[in-house]
There are 2 protein chains.
Amino acid sequence: MAKQALYYLGPQGTFTHQAAADAERALQAYAPEGTELIAAEDVPAIIRMVQGGRGWGVIAWENNVEGYVVPNLDALIDVQGVAGFARIGVDISFDAFTLAGDSTVSHMSPVAADSVAVSEDVTRNGQTHEEHAVSAMPNVDALARLEVSAHPHGLAQCRHFIEQYQLLPVPATSNAAACRDLKPGQIALGPAICGPLYGLHTFAAQVQDYQGARTEFLMLGPRDEAPDLLQAARVQGVAEFESIIAFIPLSTGPGVLANLLDVLRDAGLNMTSFISRPIKGHDGTYIFIATIDAAPWQDSLREVLAEVVSHGDWVKTLAVYPRRERPNPPVDAWMLPTGGVHVATGTMSADAMPGDGVQGESAETTHEVAAQTRRTAHTDDWQHTAATRRELLW
Amino acid sequence: MAKQALYYLGPQGTFTHQAAADAERALQAYAPEGTELIAAEDVPAIIRMVQGGRGWGVIAWENNVEGYVVPNLDALIDVQGVAGFARIGVDISFDAFTLAGDSTVSHMSPVAADSVAVSEDVTRNGQTHEEHAVSAMPNVDALARLEVSAHPHGLAQCRHFIEQYQLLPVPATSNAAACRDLKPGQIALGPAICGPLYGLHTFAAQVQDYQGARTEFLMLGPRDEAPDLLQAARVQGVAEFESIIAFIPLSTGPGVLANLLDVLRDAGLNMTSFISRPIKGHDGTYIFIATIDAAPWQDSLREVLAEVVSHGDWVKTLAVYPRRERPNPPVDAWMLPTGGVHVATGTMSADAMPGDGVQGESAETTHEVAAQTRRTAHTDDWQHTAATRRELLW
């Protein structure tokens, strides 16, 4: 048997390529002969390959900073004959690469912390109202600076590293292209996979400003293969699944969404994500996309889907995959954003209320609400405070 | 009185700058002395300026293709003392600019349609499994081609124009920067505002591939000013408002969201958008963001907010602004995506069912469901068809 083709968004060395490479081990249960990774030009090309039975595909689905990759979501809703059967997360971290043996950059050292801090201070304390954008760079001769190349998003996500070495940012069409086209005396920023892929030297690892960014990818297969693939997972001992379901209520008006969710609640089903979108090309219409902790063949979800379809709504299962291990923290009051209104109830002690432990000017309103509500929980007095008026704008 | 400062994401000539310029007229009711547009380095800088009482700000909120601008959404949830008071939509269209009097490009003409079509055909019919990305360009000598510069997103959104003139794409950090740094013999792609701003010649207008992309922007002001600003709108005769409300249920588990939405439904309130997000930095927690057709001071919404807060949940009004004129089309079956399951009910005639009028192989499943359900509406037989199993994966 030939290897299973797995199409990803090219060129080689994208985060989608990294996801495809990471997925190879997870996909062994489904493709015992192994997988062959193939770069595709864009996501529509990946979907066409899967539709045509040429192989599987991997597409970015959701990022914990940027949210859903909406064009890919819309594409999966819209396409016939394609379904997701696995989900994999990739940490979005950037390594800084140089050409192997490039002596220009090998002795580079960061500038003193003092001068790095300058540009941020300029922005924070900027008092002038001239129509200009404050430069992100200390005042260093541009000709003396080495170039750093990446997609503009990559450059934006590694600002501290770039300032630290006073590099001159040069945008590229993709991080992968920056790594592929790297020249002597230049630095490229990209996923770790670019090192071995292009034979580059890793000058510094994990140089992104924000640690903890993560993108989730869906593995797509021909819809007709999905039942066998999911059966293979069950044979391997997977007992719990998640499903991504798209719903379109054919009636509209207040309560449409509440009625839909009542059915899910009454079935005891847990959702981990829920969003509304306009139907593609039809502003003012609504499609709902829910990620649910159950498989469609399990009675609880099956009965919900049957009820919703019987009611006349449109339903499509976009993906079913083994349930992820996920954090499931209780929402403690200290996690709440600043501002807003929250009164203590019997289920939460006054000690755990927002505002406690928060210092400084910026928490005044929260303090005020907390102080008010500590005295007035279980009454309606909180409705009449200045803080409540301010936070709710009523 | 001095002009009202309005901070936007710089450099000059971004779509946010375009939105700020478009907003000036809409904001006259609030700022009779006029507004002064000031470029800021990034969105956190804009928010700091608004927080500090230095002026108003404009941030991108939602795009009809890409969805919410989630980092801006998270920022507004998280920040103290800032609220949205106006909303404005900008059509995302790109003009192609040259330097005024640049003779190199003034006589440029598009290549024949035949050769433009080549690259797409290569992709669609590509049979090979080599690990490579198919080039988007016909086989033309790169040195003979003129350069076109824009942010990679801008380049991706104007592919047809670029192929038509066989231009060589050169990425820039932003479309505005591409226009600002335009050189002789080059073309830059950017918002229309870049023409007058940088004194450029508009070689061709509206060269984007996809017509109809639109980004919605929120005008932000200090939260303490919001009641007066909204009062000014009411004095000007605005009677209907929309509100963007953030909710965090302090309890979790099945039904939390349904219970919240039941309150909205029972109040007869209409929502136009609804999404869930993790609380920033806390995977596995949930915050819900709803856009509701009412103002918080109107009884229907006020009572809902009071009930939800009394229940112990966290609530914050992120923005209140005059209600937009919006399309409100009924969801007709022809709007439904391909695939999926939908059975006719008493409220929809069989003539309007999906599959009717759809031609070709790709609609087989929809045809099958339609054929099945036309015979079996009001029975449960649709549950046992191959098409239903295929679309729901149960």
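These notebook entries record what I looked up in a predicted model.

**Ground rules.** I number residues from 1 along each chain as its sequence is written, with chains lettered from A and ligands numbered from 1 in the order in which they are written. In this predicted model local features need pLDDT of at least 70 and side-chain atom pairs count only at pLDDT 80 or more, while totals for chains, interfaces and linings use all residues, and side-chain values use heavy atoms, with hydrogens and water left out.

**Aromatic rings.** I began with the ring pairs, and the structure holds 21 of them over all chains; rings of Phe, Tyr and Trp (its six-membered ring) pair if their centres lie within 6.5 Å, and planes under 30 degrees apart count as stacked, over 60 as edge-to-face and the rest as tilted. Phe161(A) and Phe203(A) form an edge-to-face pair, because their planes stand at 65°, with the ring centres 6.5 Å apart. This pair links distant parts of the chain, since Phe161(A) belongs to helix H7 (residues 159-164) of chain A and Phe203(A) to strand E10 (residues 200-204) of chain A, 42 residues apart; helices (H or I, at least four residues) and strands (E, at least two) are DSSP runs, numbered from the N terminus. Phe161(A) has 4% relative accessibility and so counts as buried, where buried means under 20% relative accessible area, exposed over 50% and partly exposed in between (1.4 Å probe, protein chains only).

In chain B I looked up Tyr165(B) and Phe203(B), whose ring centres are 5.6 Å apart and whose planes are at 75°, so this pair is edge-to-face. Tyr165(B) sits in the loop between helix H7 (159-164) and strand E8 (168-171) of chain B, and Phe203(B) in strand E10 (residues 200-204) of chain B, so the pair ties together parts that are 38 residues apart in sequence. Tyr165(B) is buried, at a relative accessible area of 16%. I also noted a cluster in which ring pairs link Phe274(A), Phe288(A), Phe274(B) and Phe288(B).

**Charges over rings.** Arg302(A) lies over the face of Trp394(B), at 4.1 Å from the ring centre, and Arg302(B) lies over the face of Trp394(A), at 4.1 Å from the ring centre; a charge sits over a ring if NZ of Lys or CZ of Arg is within 6 Å of the ring centre and within 35 degrees of the ring normal.

**Backbone.** Most residues other than glycine have a negative phi, and most peptide bonds are trans. The peptide bond from Gly10(A) to Pro11(A) is cis, with omega near 0°, and Pro11(A) has its place in the loop between strand E1 (4-9) and helix H1 (15-26) of chain A. The bond from Gly10(B) to Pro11(B) is cis, with omega near 0°. Leu393(B), though not a glycine, has a positive phi of about 55°, and this residue is found in the segment after helix H14 (386-392) of chain B.
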